[in-house]
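Please work through the exercises below with the structure in view. Each task is followed by a solution in steps.

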Amino acid sequence: MQVNQNDRATPHSSRASGSNAGVIGITIAVLLAGAGYFYFSADKAPEVEAPIPVQLPEPVPEQPIEQEPIEEVIVEVIEPTIIEAPEPEVVEPLPTLIESDDFVAQKTVEMADGMKIEPLLVKKDIARQFVVFVDNMAQGEVIRKASPLKGPKDKFTVSEITNKTYLNPDSYHRYDLYANMVSDMNDEQLINTYKELTPIFDEAFAELGYSDMSFDERMQQAFQMILSAPIIEDPIELSSISVNYQFVDPKLEALPNVQKFMVRMGPENSRKIKTAIRKLQQQMAN
């Protein structure tokens with residue numbers, strides 16, 4: 001580990017100048033005493049005399065070198081933070097259209113996020129059914145046999161009031177479950193699932209022979225068809241022909257079948273679905 005140079009501890013060496021000078025002085029004194037001995041004995045008669053011992057001063061004990069205390073520097077070692085790289089996301093391979101039923105059903109259930117949509121799914125050719133249903137909706141038609149969801153169990157009912165037949169508002173509740181599912185789904189999760197399944201939908205859409213548009217474009221046309229449906233708050237008068245009913249109001253009867261279907265769902269359910277679709281359009285545009 002590298003340590004910053006500023007963090008290194010450098011001992012301070014203090015030269016004891018007085019002690020060193022004392023050592024030098026003693027050495028010079030010894031040399032001068034020896035030189036004086038030879039200088040004075042050179043003019044004397046050659047007599048054998050006992051040498052006068054030279055008494056050297058006792059050496060002064062060398063003083064220990066005093067050092068200033070070394071300031072202890074504590075270098076904090078910071079362990080590097082190890083950031084684990086995120087594991088790569090495993091992308092589940094898409095099945096082919098012909099093998100996609102289980103996969104699409106699973107993704108649809110996950111997208112519903114706890115809502116009990118599984119019992120309503122038609123689990124054969126789900127992707128094809130969905131694409132054909134959307135294609136027909138874009139043209140204003142409702143093909144029940146192509147619906148990817150099973151229809152409501154409750155029957156359509158009417159009310160007889162003063163010799164006139166009206167759509168029974170209780171019939172609106174047949175579609176509460178479907179409208180609530182669309183309204184309560186998480187927009188982001190719904191869009192992500194749709195984008196993930198788009199290659200499968202594109203393959204099914206190509207089987208219909210369209211070469212001048214994408215499935216996304218067809219989906220937007222279906223959205224616009226639904227958003228254009230009127231919301232009727234007043235009682236809706238009906239007339240019966242054989243086993244079927246028609247709207248007495250010619251403007252309502254002239255509506256595309258998809259928009260008639262929206263009217264039969266009731267104003268509250270229509271608002272929920274339209275609000276959800278507007279959100280989806282915004283998400284898809286991003």
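The exercises that follow concern a predicted model and treat helix packing, a sheet and the nonpolar cores.

**Exercise 1.** Determine how helix 2 and helix 5 are oriented towards each other, and which residues form their contact.

*Solution.*
Step 1. Two packed helices are described by the angle between their axes and the distance between the axes.
Step 2. The axes of helix 2 (residues 101-112) and helix 5 (residues 187-206) approach within 10 Å, and their crossing angle is roughly 170°.
Step 3. Angles over 145 degrees count as roughly antiparallel, so helix 2 is roughly antiparallel to helix 5.
Step 4. Helix 2 contributes Phe103, Val104, Lys107, Glu110 and Met111 to the contact, while helix 5 contributes Gln189, Leu190, Thr193, Glu196, Leu197 and Ile200.
Step 5. Of these contact residues, six are nonpolar, two polar and three charged.

**Exercise 2.** State the order of the strands in the open sheet and identify the edge strands.

*Solution.*
Step 1. The four strands follow the order 1-2-3-4, with antiparallel pairing.
Step 2. Strand 1 (158-161) and strand 4 (244-247) each pair on one side only, and these are the edge strands.
Step 3. Within the sheet, strand 2 (residues 164-167) is joined to strand 3 (residues 237-241) by two bridges; Tyr166 stands opposite Glu237 in strand 3.

**Exercise 3.** Identify which element gives the largest share of the largest nonpolar core.

*Solution.*
Step 1. The largest nonpolar core has 45 residues; Ile200 and Phe201 are among those with the most contacts inside it.
Step 2. Helix 5 supplies the largest share of this core, eight residues.
Step 3. Phe201 touches, among others, Phe130, Tyr194 and Phe215.

Key:
Residues are numbered from 1 along each chain as its sequence is written. This is a predicted model: local features need pLDDT of at least 70, side-chain atom pairs count only at pLDDT 80 or more; totals for chains, interfaces and linings use all residues. Side-chain values use heavy atoms; hydrogens and water are left out. Axes are lines fitted to C-alpha atoms, for helices over the stretch in contact, and angles run from 0 to 180 degrees between N-to-C directions. Angles under 35 degrees count as roughly parallel, over 145 as roughly antiparallel, 65 to 115 as roughly perpendicular and the rest as oblique. Contact means heavy atoms within 4.5 Å. Ala, Val, Leu, Ile, Met, Phe, Trp, Tyr, Cys and Pro count as nonpolar, Asp, Glu, Lys and Arg as charged, and the others, Gly among them, as polar. Two strands pair if DSSP finds at least two bridges between them. A nonpolar core is a set of buried Ala, Val, Leu, Ile, Met, Phe, Trp, Tyr and Cys residues joined through side-chain atoms within 4.5 Å. Buried means under 20% relative accessible area, exposed over 50%, partly exposed in between (1.4 Å probe, protein chains only). Lists of a residue's contacts leave out its neighbours within four places in sequence.
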